[in-house]
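Welcome! Let us take a friendly walk through a protein model, one topic at a time.

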Amino acid sequence: MKVLVVDDEADIRRIAQLALTRIGGLEVVEARSGAEALAVARAVAPDVVLLDVMMPGMDGPETLQALRADAATAAIPVVFLTAKALETEQQRLLALGAAGVLVKPFDPLKLAAELRAVLERR
Amino acid sequence: MSPDPLDAPADFGRLSGQLGVPAREPQPRPLWIPFLVLAIGAALTLTGVAASRASLERARQARFLAEAETVRDALEERLHAYEETLAGARAFAVAQRSPNAETWRDFARSLALSTRPGIVRLGYAQWVERPERPAFERSQRRSQPQFAIHPAGDRERYLPVLHFEPTADGRESSLGFDLASSPERGEAIERSRRLDRATLSERVELLQGGTGIVMFLPVRPALGPEGVVYASLRTADLVRGVAPGAAARLDVELFDGAEPAAADLLYDGRGSPPPAPDARQVVLPITRAGRTLGVRLTARQGFDGGAASREPWLVLAAGLLVSTLGAAIAWSAASTWARAHQLAARFARDASRNEERVRTVVDNVAEGIVTFDTGGAIGWANAAAERLFGSAGTALVGRSIEELVPVARGDLRDGFRNEAFGRRADGALFPVELSVSQMRAEDQPLFVAVVRDATERREVERMKDEFVSTVSHELRTPLTSIRGSLGLLRSGVLGDLPADAAEAVAIAERNSERLLSLINDILDVERLRAGEFELARAPVAASALVAAALDSIRPVADGRGVRIETSLREAEVDGDRRRLGQVLVNLLSNAVKFSPEGGTVRLEAGPEGADVVFRVIDRGRGVPAEHQAAIFERFRQVEASDSRERGGSGLGLAICKALVERHGGTIGVDSVPGAGSTFWFRVPRAAEEQP
């Protein structure tokens, strides 16, 4: 399973990449911004996008809409990864059409399992 | 506003009623009143003095007239008495047929003429016709050799004096004097003969000297010659000695005729010193013996006396004294009045100043204050309210409260206290905090609304929320990297660590967990406080909550060697599984932390009435009574060091309390210091469960 990790923080991308590959055994591609994510998603057609919410430039929700707007990427499930712990915020993100919401800080040992669980619930 | 419904409205009514009314100027001290009193008193006094003088004058005049009449009456009486004397003499002469010198002398002497002042002669004369004259003279000369009718002259009739008394003064010229020869006498004699009564002559110069009058009475015997008896009266003697008391104070003048004229002066009794030019004077008539005499009486100096004349002065003095006294009293009263007025003015000024202060305060408070009646019409508004709602030139008074705060009228009643929106004159809405209290003013319900502009507070709150949100986000992002790195290290996927390194990584990971928990707690508290989260309520079995909580807490309890025993009676609660679990874990976590190592924590759960009650019982040090309420507040731990030594943000119990209360439940602690604590909470049972 190929996961596109989108985050403006390199550290977060690295931890997520390690957690998903070393522990979850998944394949990971990265993008540093929403715009880059669109290009990468088109190019590699990931099975799921793990999308940061707060990013400079195009933020998470905008990126989600852009992905949905593009036929090539419209069907790719998106899971938000957010530091905002408010439940109202999570409800809002789900309402935008996200497959699920995972919160930061995440447990690297459980991240892959949680991601799988989200996708299975769909 | 004041909770007292009786006091406050009156105060408010006074405030609103008098605002803007300038204090009355103090009246000038009425100094004219005592002067008026004095003036009236003086006028009355002068009137009194005048009246007194007039009265005195009347009294004096009356006295003068009385005395004058006394003199006149005495004179008249005296003349009357002499008429009687003359009548007696006539009777004598008639009885004598023709008295001779001797009998006349005896008669006259018997009368004691000296006791009849003024009569200088009492005489008898006999009519003689001209033809008889020579014979008559001859016959007379037989007894009185020197007798001759005189004055000389040839007249138709003669009336020669035959007898007269007294004769002692040696003036014998009277003998033979023809009384009818003198025109003054003749007229009276003729009148007396005609009227057959006493008559008085005009003023005559007496033969005996001096001025006088003569009184005649005809003698007409049935047998014998006709004649007259007469009395020559010297007026000086006639008047002298009359009414001696009165005459001493009066100058007496006697005139022939009712009108005084110098030519007719019979007697001048004016003495020395002469009377004042304005002396009292009166002319009184005496009509006697067919003649009218005038008596002019003039008050001598000193007639009015001394003592009596002091009366007007006494009246004046007493009047002025009383007036002055009255004026003094009036002055005192006016002063008192003026003082009272000053005092009143000062009170009014103070009241006005107080009111000004109140007005200043009321106008300068940040809160808008408006009053409105039961119909919602605004009766009064302070400056802040005008500022809040108004724009230039608009007035709030008379408008409806609902225009200002679009809240249902029914809600705007006593005790209303809530956030709402205010509407400015331009229609813009702004957040306000609004409280309404009801009072009574002049027996009408009156509402007072206090409005605080909440715009700024809302903004601050928004900024704080954003800040908390941002800070927690900013904290969580690096924490994600740290925790992730540590987790990867511990997992061994990045290679095995030496024992010491693994321990250090474990410490770092444990503390990052703690830091995360702290951040989450802060976020929870803020969210709870803001009422931002929804409970996902559903029937939950108590046993499920207990099992989940035990799963969570067991690693910690095991780590401290604390045993957890449970006592469970099954029941279903109506609640949010995750949140109630969070409460239970929090309480257990505290119990474990504060239990001695190897100790026991007991967890009880079961239905009690309409609730399900959970109890977490430890044998720790307990909570002092004074802290038992405070520990449920934010950031409170019994000891400041607890946070460091035992971990925890100090927010746990505050979160528990907020969560339980959101469920409609209660939370508390029973504790005996040194013997342990029982933390408990009760939440409602699920509906179908309730008995």
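## Reading the model

Helices (H or I, at least four residues) and strands (E, at least two) are DSSP runs, numbered from the N terminus. This is a predicted model, in which local features need pLDDT of at least 70, side-chain atom pairs count only at pLDDT 80 or more, and totals for chains, interfaces and linings use all residues. Residues are numbered from 1 along each chain as its sequence is written, chains are lettered from A and ligands numbered from 1 in the order in which they are written, and side-chain values use heavy atoms, with hydrogens and water left out.

## Domains of chain B

Chain B is assigned domain 1 (33-305), domain 2 (365-452), domain 3 (454-533) and domain 4 (535-691); such bounds come from an automatic or database domain assignment. Between the C-alpha centres of domain 1 and domain 3 of chain B there are 160 Å.

## Surface patches

Patches are made of residues with over 30% relative accessible area and no salt bridge, joining like charges within 9 Å and nonpolar side chains (Val, Leu, Ile, Met, Phe, Trp, Tyr) within 5 Å. Areas come from the Shrake-Rupley method with a 1.4 Å probe, and for residues only the protein chains shown count as cover. One nonpolar patch, of about 510 Å², includes B:Trp32, B:Ile33 and B:Leu36. B:Leu36 sits in helix 2 (residues 32-96) of chain B. Its relative accessibility is 43%, so B:Leu36 counts as partly exposed; that label lies between buried (under 20%) and exposed (over 50%), again with a 1.4 Å probe and protein chains only.

## Salt bridges

Side chains of opposite charge can pair when their charged atoms come close. In a salt bridge, a side-chain nitrogen of Lys or Arg is within 4 Å of a carboxyl oxygen of Asp or Glu. How many salt bridges does a search of the whole structure find? Over all chains, there are 44.

One of them joins B:Arg155 and B:Asp178, with the closest N and O atoms 2.7 Å apart. B:Arg155 lies in the loop between helix 4 (133-143) and strand 3 (157-158) of chain B, and B:Asp178 in the loop between strand 4 (161-165) and helix 5 (183-195) of chain B, so the pair ties together parts 23 residues apart in sequence. Both B:Arg155 and B:Asp178 are buried. Another salt bridge links B:Arg191 to B:Glu187 (2.8 Å, N to O). These residues, B:Arg191 and B:Glu187, are about one helical turn from each other because they are four residues apart in helix 5 of chain B.
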